[in-house]
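Please look over the sequence and the model before reading the points. They are meant to be checked one at a time against the display.

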Amino acid sequence: MVKVLRDWGEIGEANLAMSRARLPRHASCEKTWDLYRLYEIVRTAPRQSRVIDLGCAGLFTLKMLRAMGFSRIVGIDLSISWHDRFSQVWSMWKQRTLTPPFWLRRADVTRTGCRAGEFDIAVSISTIEHGVDLAMFVREVARILRAGGILFVTTDYWSEGVETNNDLRPYGLPWRVFDRKQIGDIITLADQHGLQLLAPEAWSPECGDRCVAWGGCEYTFICLAFRKVGPGPEDSA
């Protein structure tokens, strides 16, 4: 599955749908589109599914998954802020429990340290555009997902490409906006590691409006969903 955020109407629809479902939204209304697309993918998944959020800063994805009833959730990021740690503890205090709503781990998303086949669902929202080595990322996700597991990814996108400011380094990392060819390269790379695009016949990279303005650039978002259909090269080695 590949979907492109095409206009502000989709953003409004996503925010309304999340509100009706009584699920937490993102601090940025545009990014709620990403969360809603994830919700569409995982809403029928068993709530005992093991889920990992690769690039969990802000905890928006983790909080939504928890509100949906998922309880076996791990968040990984290069740095876990004191605010995120406090939010985790505050949730435990409100629920009067010693069990955290999700587990947080400081690690590189390309070297998670997790066991092979440990997760049923892997999520990465607005992370891979920040200097992530895509070959290593795909290889690691293919390793930690079980056969049949789902990978859901969103990132910054404009079909013809956008020139970004090389001096701008959010989170201290480089930043880019993916173009059509680069998205195609990700799909090919994923396929090489046993991650098959869901509904490949629906693959359409065309853009509509520039719904996002950030860092002096205007662009949109894209989401991709894959299923692990078999062992990757590392699994069969």
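1. Basis. This is a predicted model, in which local features need pLDDT of at least 70 and side-chain atom pairs count only at pLDDT 80 or more, while totals for chains, interfaces and linings use all residues. Residues are numbered from 1 along each chain as its sequence is written, and side-chain values use heavy atoms, with hydrogens and water left out.

2. Overall build. The chain has six helices and nine strands; helices (H or I, at least four residues) and strands (E, at least two) are DSSP runs, numbered from the N terminus. The radius of gyration is 17 Å, close to the 18 Å that the globule rule gives for 237 residues, so the chain is as compact as a globular protein of that length. That radius is taken over C-alpha atoms, and the globule rule is 2.2 Å times the number of residues to the power 0.38. Along its principal axes, the C-alpha trace spans about 50 × 45 × 35 Å.

3. Of the 237 residues, 50% count as buried; buried means under 20% relative accessible area, exposed over 50%, and partly exposed in between (1.4 Å probe, protein chains only). The chain exposes about 11500 Å², and carbon and sulfur atoms supply 51% of that area. Accessible areas come from the Shrake-Rupley method with a 1.4 Å probe, and for residues only the protein chains shown count as cover. Among contacts between residues at least 6 apart in sequence, 73% join residues at least 24 apart; contact means heavy atoms within 4.5 Å.

4. The cavity. How many cavities of 30 Å³ or more does the structure hold? It holds one, and the volume of the largest cavity is about 80 Å³. On a 1 Å grid over the protein atoms alone, a cavity is a set of points where a 1.4 Å probe fits but cannot get out, and a pocket is an open set with protein on both sides within 12 Å along at least five of seven lines; lining residues have an atom within 4 Å of a point. Grid points are joined across faces, edges and corners, and a volume is the space filled by probe spheres set on the points.

5. Cavity lining. The residues that line the largest cavity include Ile128, Leu134, Phe137, Val138 and Leu151. By class, this lining has 10 nonpolar, no polar and no charged residues. Nonpolar here covers Ala, Val, Leu, Ile, Met, Phe, Trp, Tyr, Cys and Pro; Asp, Glu, Lys and Arg count as charged, and the others, Gly among them, as polar. Helix 5 (134-144) gives the most to the lining, with three residues.

6. Largest pocket. About 970 Å³ of space lies in the largest pocket. It is lined by 41 residues, and the closest to its centre are Ile125, Ser126, Thr127, His130 and Tyr171. Helix 3 (60-68), strand 8 (212-214) and strand 9 are the elements that give two or more residues to this lining; strand 8 has the largest share, three residues. By class, the lining has 20 nonpolar, 12 polar and nine charged residues.

7. Second largest pocket. This pocket has a volume of about 300 Å³. Of its 13 lining residues, Arg66, Ser91, Lys94, Gln95 and Pro101 lie nearest its centre. Helix 4 gives the most to the lining, with six residues.

8. Two positive phi values. Phi of Leu59 is near 65°, a positive value in a residue other than glycine. Leu59 lies in the loop between strand 2 (50-54) and helix 3, and is buried, with a relative accessible area of 0%. Phi of Ser126 is near 50°, again positive in a residue other than glycine; Ser126 lies in the loop between strand 5 (119-125) and helix 5.

9. Lys3. This residue is found in strand 1 (residues 2-4). Is Lys3 buried or partly exposed? Lys3 is partly exposed, with a relative accessible area of 32%. Lys3 and Glu206 are 203 residues apart in sequence and 9.3 Å apart in space, C-alpha to C-alpha.

10. Asp156. This residue lies in strand 6 and counts as buried, at 5% relative accessibility. Asp156 and Val141 are 15 residues apart in sequence and 20 Å apart in space, C-alpha to C-alpha.
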